[in-house]
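Please look over the sequence and the structure below before reading the report.

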Amino acid sequence: MGSSRRILGTVGLLSCLTLSALVPVADAAAPAPAPSAVRESPRVPFTQRYQAVQHGGVVRASNSSISCRSAESPQAEPCPEVQKGAAGVNGDFEMFYDEVDKDPDTYNSTRAELRVPQGAKVSYARLYWGGNLRVGEQKPPEDSGRVLVAEPGGAYKAVLADTVVGHHTDAGSDAYQASADVTPMVRKGGAGMWTVAQLNIAMGHSEVGAWGGWTLVVAYEHPQEPLRRISLWDGFESLAAGAGEAAGETVEIAGLNAPAGSAGRAGVVAYDGDRGTLGDSLTVTADSGRRISISDAENPFNDVMNSTITEFGRPSFVRQPEHMNNLGYDADVFDLSPALSGGARTLNFRFTGESQGQFLGVLFVQTDARR
């Protein structure tokens, strides 16, 4: 992302849950919904999308949809080294779509493994996708509310956004996030490699850079797992460029009833965070008032949104392709246990932006619950 970007943001409330539309495979190449069919807002405040207390947990599959092709800046590391994990920002590269399905009718497609435990029942599943529509080209925003999804071993179906699409434009970027309830589809498709194609993202080169990807979040029940509280929040908020501590975003999750010594995890989806550009952080405060910095080996405390897809600091599922630096797309899961050492009824998650800003899209939390 380039230094010209100017974004602002706050956090509030959103509602509106509807059923997603799954278009049969025969209609997968049909035109996208008309502009009037896709409701947009430049800011979608965070609110709780799903919550349950059940024996089970939450898993996710995720991948970016675009990567570097060649360096445009003389200071940039070679593209292959950046894909392996070297520091690098998308605005320093010519960016081009990832394509793994060999289908001539798609121009981007990536896969990721969904690890639903054997014997589990899917209780809720939601697909999130988003990216930048303006780079070397301008993509039409009315196409943002539709992607193609293939379950393991299956054919593509069109999935349509079922709630407000966050769509934020500024001097440098044209950013969005869309989502849909795909619970019936995931119950049928189950564990394995999921493919998502035709994300509406722009390729090419600009100072801001190209970025985009998708994340499938799945809550499940399993009688042999501990009793847990699962909470899924989403929205589309911009973390102000160079905001620092004073202008961060806070999401409060109440009613946890987590006992002392509980295990827990928190997952975050964010857009346009740069590996090696410092200043972004994630902290969690429990009832005691003690604030814990959330980080791990791959996500330092001052560069936590750094274009990685990890769980507790390491890869946790198969992806195709499997870039370590995803150049503007983050979908990480962090260990929450240090914040739960004294128990918690409420957790406050606070995000601050790096020097060039970024977008926040999803937060999901799993904690142990009292019996």
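This is a predicted model: local features need pLDDT of at least 70, side-chain atom pairs count only at pLDDT 80 or more; totals for chains, interfaces and linings use all residues.

## Nonpolar cores

The largest nonpolar core holds 66 residues, and the members that touch the most others are Leu114, Leu127, Trp129, Val186, Trp214, Leu216 and Val218. Leaving aside residues up to four places away in sequence, Val186 is in contact with Leu114, Val122, Ala125, Trp194, Leu216 and Val218. Another core, of 28 residues, lies apart from the largest one and includes Val251, Ile253, Leu336 and Ala344.

## The β8–β9 hairpin

Strands β8 (residues 146-150) and β9 run antiparallel and are joined by five bridges, with Leu148 having Ala158 of β9 as its bridge partner. The two strands form a hairpin with five residues between them, and in its turn Gly153 has a positive phi of about 75 degrees. Strand β9 (residues 156-160) is largely enclosed by the rest of the structure, because four of its five residues are buried.

## Backbone geometry in loops

The peptide bond that joins Gln320 and Pro321 is cis, with omega about -10 degrees, and Pro321 is placed in the loop between β19 (319-320) and β20 (329-335).

Asn257 has a positive phi near 60 degrees and lies in the loop between β15 (249-253) and β16 (264-271); its relative accessible area is 33%, so Asn257 counts as partly exposed.

## Salt bridges

The count of salt bridges comes to 13. In one of them Glu237 pairs with Arg43, and the closest N and O atoms are 3.1 Å apart. Because Glu237 lies in strand β14 (residues 227-239) and Arg43 in the loop between β2 (40-41) and β3 (44-64), this pair ties together parts that are 194 residues apart in sequence. Glu237 is buried, with a relative accessible area of 0%, whereas Arg43 is partly exposed at 32%.

A salt bridge also joins the side chains of Arg60 and Glu311 (3.4 Å, N to O), linking strand β3 to the loop between β18 (291-293) and β19 across 251 residues. Arg60 and Glu311 are both buried, and together with Arg265 they are linked in a network of salt bridges. Arg126 and Asp162 meet in a further salt bridge (2.4 Å, N to O), with Arg126 in strand β7 (residues 121-132) and Asp162 in the loop between β9 and β10 (165-169), 36 residues apart; both of these residues are buried.

Methods. Residues are numbered from 1 along each chain as its sequence is written. Side-chain values use heavy atoms; hydrogens and water are left out. A nonpolar core is a set of buried Ala, Val, Leu, Ile, Met, Phe, Trp, Tyr and Cys residues joined through side-chain atoms within 4.5 Å. Buried means under 20% relative accessible area, exposed over 50%, partly exposed in between (1.4 Å probe, protein chains only). Contact means heavy atoms within 4.5 Å. Two strands pair if DSSP finds at least two bridges between them. A salt bridge is a side-chain nitrogen of Lys or Arg within 4 Å of a carboxyl oxygen of Asp or Glu.
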